[in-house]
Amino acid sequence: MTPPDKPQILYEGKFLRLVKRGRWEYAERPGIPGAVAIIAVTDAGELVLVEQPRIPLDCHTIELPAGLAGDEAGREHEDFAETARRELLEETGFAAREVTLLAHGATSAGLTSEAVTLFRATGLTRVNAGGGHEGESIVVHLVPLADVPRWLDQQQRAGRVIDLKIFAALYFAAQAS
């Protein structure tokens, strides 16, 4: 596809840029090459999920552990697999023996240029409680794979929003067994 014209920056903040290209308006993350999400299943067969407040949705969300590549000084060119290891440890307290690339794709192709790279993390060892950086309010949930659909339904009925990448995780988890 040939882009309609040169992008016009409509707004640029510290973490987000609003761009217009032809008739399209969309968001970009300046200086960020991409995002990662991690499917982590413990040796006990539990899917590692995180819960955190998300201001744009005005509620708590249930998500895969995830984060941005190149978002910290000195890590601008960090390998995405290393980003996945780092984010898994920061958010959940789990270190992974192995991280495997599974897929890469758009998060919301009509709204943002952001793409996510999905990894599987195996050989998990709990080294701390997780919870993210200071100021983040991340709660870690370990949910037996067989119970995930029921558990997600309960969370949704309790007012939480479920990140759809979790359903991709269930697909890939089933492929691994």
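Colleague: Which residue in β9 is the bridge partner of Ala37?

Modeller: This is a predicted model, so read every value as computed from it. Strands β4 and β9 run parallel and are joined by six bridges. Ile39 stands opposite Arg120 in β9. For Ala37, the bridge partner in β9 is Leu118.

Colleague: Which residue in β9 does Val99 stand opposite?

Modeller: Strand β8 covers residues 94-106 and β9 covers 115-126. The two pair in the antiparallel sense over eleven bridges. Val99 stands opposite Ala121.

Colleague: What is the strand order in the open sheet of four strands?

Modeller: β9 pairs with β8 in the antiparallel sense. β4 and β9 run parallel. The pairing in the sheet is mixed, and the order is β7-β4-β9-β8.

Colleague: Why is one side of β7 and of β8 left without a neighbour in the sheet?

Modeller: The open sheet has the order β7-β4-β9-β8. β7 and β8 stand at its edges, so one side of each has no neighbour there. The reason is that each has a single partner strand.

Colleague: What does the twist average from one strand to the next?

Modeller: The sheet in question is open and has four strands. From one strand to the next, its twist averages 30°.

Colleague: How many of the twelve residues of β9 are buried?

Modeller: Buried here means under 20% relative accessible area. For the chain of 177 residues, 39% count as buried. β9 is mostly covered, and its buried residues number nine.

Colleague: At what angle does α1 run to β8?

Modeller: Helix α1 lies across β4, β7, β8 and β9. Its buried residues pack against those strands and also against β5 and β10. Among these buried residues are Ala84, Leu88 and Thr92. To β8, α1 runs at about 120°.

Colleague: And at what angle does α3 run to β9?

Modeller: Helix α3 spans residues 165-176. It lies across β4, β8 and β9. To β9, α3 runs at about 55°.

Colleague: How far does α1 reach from its first C-alpha to its last?

Modeller: α1 spans residues 80-92, which is 13 residues. At 1.5 Å a residue, 18 Å is expected. The helix comes close to that, reaching 18 Å.

Colleague: At the start of α1, which residue has a side-chain oxygen that reaches the backbone nitrogen of Ala81?

Modeller: The oxygen comes to within 3.0 Å of that nitrogen. A polar contact needs N or O atoms within 3.5 Å. The residue is Asp79.

Colleague: Which residue just after α1 takes a positive phi?

Modeller: α1 covers residues 80-92. Just after the helix, phi is positive at about 85°. The residue is Gly93.

Colleague: What is the radius of gyration of the chain?

Modeller: The chain has three helices and eleven strands. Its C-alpha atoms fill a box of roughly 50 × 40 × 35 Å along the principal axes. With 177 residues, a compact globule would have a radius of gyration near 16 Å. The value for the chain agrees with that: 17 Å.

Colleague: Among contacts between residues at least 6 apart in sequence, what share joins residues at least 24 apart?

Modeller: Contact means heavy atoms within 4.5 Å. Of those contacts in the chain, the share is 61%.

How values were computed: Residues are numbered from 1 along each chain as its sequence is written. This is a predicted model: local features need pLDDT of at least 70, side-chain atom pairs count only at pLDDT 80 or more; totals for chains, interfaces and linings use all residues. Side-chain values use heavy atoms; hydrogens and water are left out. The expected span of a helix is 1.5 Å times one less than its number of residues. Buried means under 20% relative accessible area, exposed over 50%, partly exposed in between (1.4 Å probe, protein chains only). A polar contact is a pair of N or O atoms within 3.5 Å; within protein, one must be able to donate a hydrogen and the other to accept it, and residues adjacent in sequence count only if both atoms are side-chain atoms. Two strands pair if DSSP finds at least two bridges between them. Axes are lines fitted to C-alpha atoms, for helices over the stretch in contact, and angles run from 0 to 180 degrees between N-to-C directions. The radius of gyration is taken over C-alpha atoms; the globule rule is 2.2 Å times the number of residues to the power 0.38.
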